[in-house]
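Please look through the two chains shown below with this note beside you.

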Amino acid sequence: MLEIKNLTVRVDDKTILDGLNLTVKTGEVAAIMGPNGSGKSTLSYVVAGRPDYEVLDGEVLLNGENILAMEPDERAAAGVFLAFQYPLEIPGVGTMTFLKAALNAQLKAKGMAELTTPEFIKRVNAAAASLEIPKDMLKRALNVGFSGGEKKRMEILQMALLQPSFCILDETDSGLDIDALRIVADGVNALRSPERSFLVITHYQRLLNHIVPDSVHVMANGRIVRSGGPELALELEANGYAEYSLQAAE
Amino acid sequence: MNAELKVIRTAAEQALIQRFPALRDTLPHGGIVKPLRDAAYDLLVRRGLPHRRVEEWKYTDLRALMREAAPLAEKPSAEEIAVALSAARAFADADVGRLTFVNGHFAPGASDHELPAGLEVVPLAEALAGGHPLLAEIGAIEPARDNAAYAINTAFMSDGAVIRVAAGTALARPLHLRFVTSAPAAVSTATRVLVVVEEGASLTLVESHEGENGAAHQPNDVVEIVARDGAKIRHVRLNAEGPRALALSTLTARLGADVSFDSLNVTTGAAASRHQVFLTFAGEHSKANVNGATMVKGSQHADTTLFVDHAVPHCESRELFKTVIDGEATGVFQGKIVVRPHAQKTDGRMMSAAVLLSEGGAMNNKPELEIFADDVQCAHGATCGELDDNLLFYLMARGLPRPEAETLLLQAFLGEAIEVVEHEGVREGLIEVVTGWLAERH
């Protein structure tokens, strides 16, 4: 379970998150919607541990433990996974090399034995097949020359391999066509389980037709301004975000 | 009034200058190289050792670095050879033909004796004594003859090898020349390897330079490659000299027509090193790749200086140099591409990229283009920076601890320069060097 309490974050003298509170229960799929600039991506980066943010106040508790002082790799080992809005291209680092290094690092952090190469390849191939990722993509440098849709599928492949307990999807639907959206959503849905929570960040309700959330939260000006069930997403799609931007500004 | 100009010489300059007349008549020269030795000695007398006010040496002050001239190494004892062999690690697992040089002297007992057809190898001492006809090829690159490190080698060279690959011969296995210095006290060496690859022949030449102990040795090695028309040459050099060494090295290459030439220098060793490349395109439609991968830390200083001379039209050169600097170390890259007036359709690209891993490190980049022809494509670039924080975060967010994430990125960074090596065993040997260096960081 993730509990965010009074999280206040500044970047370059600008307050981006302003006393944000949010709870995501174990097994829950929570969606965060909101206009551009409301702080959605910042929230995802702060939970994952990106360094250039200054946390002024608040806590992020994962299963009761404050993770804000942890390094990004320690958070990953604790179960946090961020599917990036813009996955990075890493020239010269082979996709398989990277996947194996990441998986083994996490196994090691958990005190478990590293996978043998055949076992590793078996797992990657199984995950890749379900995400319709061609094998030649796995032979290339990580994300280099991948299309937007391929990069997003590669993020979900990593999620499937690493089996995190708390997954953040940062605008995973951006840049995807209908078919790619379905593949990615199917990949995420396959990972839904009573032990795994999701925080799905999106502008559009469209993704939530495929990944049906348990709860929907509206974010504006650095805090959650309204929470509800899946029906809230439909309401936002119909009416837009204008009223929340105003409300928060008042 | 008479004003007498008195040149003040350093101890090292005095020692080098005094050493030569005493050795002049005992060093083997076979007649052919005697005038070369005399000219090199004259250069030393006239100019002394280069210092920071000499433009080509501005970042690597040889006069300051070479405070004393270490004595020339004697022929190694059996014990020194045994110690050297136990210390020679580079490319130990690669399937290669091997020639070993200990303290600058050919060690026949530690070298292969059965050579494949089409490959002729004569120890330089023997070639000099007997006046081998190929010695006439020495010193073919004019700008090198004006260079202090090259001149010191020419004046004092005593062993090394003359290698000839006969026309049309394609050698299956690389030829590995391993140089190990294992003298208990500091010595200098002056080895010269002349390689003539005849028409249509191909050769993979691998050099490793290792220092067995921590003495402040002064190796100075020169490899001169003459590539006749249609030759294919793959050259790899590893500087893994001992931690106190002052290592000077020069590669000259003169390429005929339709030659394919790749050279990679990997540096991790020596307190201070300078690797110089003088490459001349003397025949049309030739292609050359000159790459470098340098990893330095502590107070190491590593200089790569490159001179590419496009003297004829229709040739292509690619240079890619990667430098990783940790601690208080200093990297230097000086690269000059000259395109002569008639060298139309030249295509030359030079890139130097450095990663600084610490606050105290420094990188000096000096790329230059001198273009006298009007129909050419030439470019150069130089970058210097830290590892990309965004990439580090991405890797760490997947669970890689910082040291592992850095290692992965640095392997990729250096790998770009190393991946040109076609021979799998040799490439793997170099990757081991890189991973070993990176593993020692943490």
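This is a predicted model: local features need pLDDT of at least 70, side-chain atom pairs count only at pLDDT 80 or more; totals for chains, interfaces and linings use all residues.

Which residues in H4(A) meet which residues in H6(A)?

1. Residues are numbered from 1 along each chain as its sequence is written, while chains are lettered from A and ligands numbered from 1 in the order in which they are written.

2. In the pair asked about, Arg123(A), Val124(A), Ala127(A) and Ala128(A) of H4(A) meet Leu157(A), Ala160(A) and Leu161(A) of H6(A), where two residues are in contact if their C-beta atoms, placed from the backbone, lie within 7 Å. By class, this contact of H4(A) with H6(A) has 6 nonpolar, no polar and 1 charged residues; Ala, Val, Leu, Ile, Met, Phe, Trp, Tyr, Cys and Pro count as nonpolar, Asp, Glu, Lys and Arg as charged, and the others, Gly among them, as polar.

3. As for geometry, the axes of helix H4 (residues 117–130) of chain A and helix H6 (residues 148–162) of chain A come within 10 Å and cross at roughly 135°, the axes being lines fitted to C-alpha atoms, for helices over the stretch in contact, with angles that run from 0 to 180 degrees between N-to-C directions. That angle makes H4(A) oblique to H6(A), since angles under 35 degrees count as roughly parallel, over 145 as roughly antiparallel, 65 to 115 as roughly perpendicular and the rest as oblique. The crossing of H4(A) and H6(A) is right-handed, a term used if the near helix is turned clockwise from the far one by less than a right angle, with left-handed kept for anticlockwise.

4. H6(A) has another partner to compare with: the axes of helix H3 (residues 95–109) of chain A and H6(A) come within 10 Å and cross at roughly 30°, and this crossing is right-handed. Here Leu99(A), Ala102(A), Leu103(A) and Gln106(A) in H3(A) meet Gln158(A), Leu161(A) and Leu162(A) in H6(A), and the residues of this contact divide into 5 nonpolar, 2 polar and no charged.

5. Chain A as a whole has 10 helices and 12 strands, which are DSSP runs (helices H or I, at least four residues; strands E, at least two) numbered from the N terminus. Its radius of gyration is 18 Å, close to the 18 Å that the globule rule gives for 250 residues, so chain A is as compact as a globular protein of that length; the radius is taken over C-alpha atoms, and the rule is 2.2 Å times the number of residues to the power 0.38. Buried residues make up 42% of the 250 residues in chain A, where buried stands for 20 or more other C-beta atoms within 10 Å of a residue's own, exposed for 12 or fewer, and partly exposed for in between, with C-beta atoms placed from the backbone.

6. Chain B holds 10 helices and 19 strands, and its radius of gyration of 21 Å agrees with the value near 22 Å that a compact globule of 442 residues would have. Buried residues make up 53% of the 442 residues in chain B. One element to look at is helix H7 (residues 148–156) of chain B, which is mostly covered, as 9 of its 9 residues are buried, among them Tyr150(B), Asn153(B) and Phe156(B).

7. Where the chains touch, the contact takes 18 residues from chain B and 23 residues from chain A. On the side of chain B, the elements that give two or more residues are helix H8 (389–397) and helix H9 (402–418), and by class that side has 10 nonpolar, 3 polar and 5 charged residues.

8. Glu171(A) has a positive phi of about 45° although it is not a glycine; its place is in the loop between strand S9 (166–170) and helix H7 (178–191) of chain A, and Glu171(A) is buried, with 21 other C-beta atoms within 10 Å. Asp258(B) also is not a glycine, yet has a positive phi of about 55°; Asp258(B) lies in the loop between strand S10 (246–255) and strand S11 (260–267) of chain B, and counts as partly exposed with 19 C-beta neighbours inside 10 Å.
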